[in-house]
Amino acid sequence: MINPLDCTGKTILVTGASSGLGREISILLSQLGAKIVLIGRSETRLKETILLLSGKEHVTETRDLSDIESIPEWLKHLSSSIGCFNGLVHCAGVRITSPLRYTSVRQFEDLMRINVSAAFSLAKGFRQKGVCASPASIVYMSSVMAQVSTPGLTAYSASKGALSSLVKPLALELAKEGIRVNCLAPAVVKTEMMESYFQKMLPDQLSQLKQMHPLGLGVPRDVANAAAYLLADTGRWITGTTLVIDGGYTAH
């Protein structure tokens, strides 16, 4: 039987792999045959993730991506010991919910540093000779909040919008090197972080949120399936775009 999503023989680096979408994407890609290099800040949680993966050649690497200037050299060192990467999925990121009047410039800049500047530096490092194979694929994690938003998400929405814009020039520039660059833009997905957020909502608020998703709230596997599609040969003719995965949220 042919599996168009087969990733056997591919080595894929996943940031934010210690929880949520990064963890689920790592799990699915391992089930599809890929070797996963899991990146996160918590060694304990990375070890929890690696126990959930299929296969035995996976690698964990503890890394704080806020040190953006050193990312290219770090990737070069990492590839020298692991081998060339066939894919990169950047799931690491931060989110703050705060009205404009209470959001400091420092908070805004810190969020942009992780969500956008780290993404830029990862692409810069990934394209280095000897770091990635050709063809290769980069997948960033944007959000529907880049297209439609709510009060209190100024910094977060700006960062996700920047990611969606970033993929277009990167896709054009890196195409000649055999590297595709795309974004995923999920709506509300039932991750651990969102579940804790739900508990703080009033019943009417939660009900209204669910009604905004005609197909219901998403689960991490919904996003992981889309990531696999872009990383496997199924996505070989797709670059410079943002794939919306929102259960109909933006159809309103």
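A residue is called buried when its relative accessible area is under 20%, exposed when it is over 50%, and partly exposed in between (1.4 Å probe, protein chains only). Keep that in mind as we walk through this predicted model, in which local features need pLDDT of at least 70 and side-chain atom pairs count only at pLDDT 80 or more, while totals for chains, interfaces and linings use all residues. Residues are numbered from 1 along each chain as its sequence is written, and side-chain values use heavy atoms, with hydrogens and water left out.

Let's start with the sheet. Helices (H or I, at least four residues) and strands (E, at least two) are DSSP runs, numbered from the N terminus, and two strands pair if DSSP finds at least two bridges between them. Here, seven strands make an open sheet with parallel pairing, in the order 3-2-1-4-5-6-7. Strand 3 (59-62) and strand 7 (242-245) are at the edges; each has a single partner strand, so one side of each has no neighbour in the sheet. From one strand to the next, the twist averages 20 degrees; axes are lines fitted to C-alpha atoms, for helices over the stretch in contact, and angles run from 0 to 180 degrees between N-to-C directions.

Now find strand 4 (residues 85-90), which pairs in the parallel sense with strand 1 (residues 11-15) over four bridges. Across this pairing, leucine 13 stands opposite leucine 88, and valine 14 has valine 89 as its bridge partner. Strand 4 also runs parallel to strand 5, joined by five bridges. There, leucine 88 has isoleucine 138 as its bridge partner, and histidine 90 stands opposite tyrosine 140.

How many residues of strand 4 are buried? Six of the six are, so strand 4 is largely enclosed by the rest of the structure. Strand 5 is mostly covered too, with seven of its ten residues buried.

Helix 8 (residues 220-231) lies across strands including strand 1 and strand 4, and runs at about 165 degrees to strand 6.

On a 1 Å grid over the protein atoms alone, a cavity is a set of points where a 1.4 Å probe fits but cannot get out, and a pocket is an open set with protein on both sides within 12 Å along at least five of seven lines; lining residues have an atom within 4 Å of a point. The largest pocket holds about 1400 Å³ of space, and 46 residues line it, with Arg95, Tyr156, Thr191, Met193 and Met194 nearest its centre. Helix 6 gives the most to this lining, with four residues. The largest cavity has a volume of about 30 Å³, and its lining includes His90, Cys91 and Lys160.

Finally, look at the cysteines. A disulfide is a pair of cysteine sulfur atoms within 2.5 Å, and a search of the whole structure finds zero. Cysteine 7 is in no disulfide, as its nearest cysteine sulfur, that of cysteine 91, is 14 Å away. For cysteine 183, the closest cysteine sulfur is also in cysteine 91, at 11 Å, which is too far for a bond. Cysteine 7 is buried, at 0% relative accessible area, and cysteine 183 counts as buried at 0% relative accessibility.

How values were computed: Contact = heavy atoms within 4.5 Å. Points joined across faces, edges and corners; volume = space filled by probe spheres on them.
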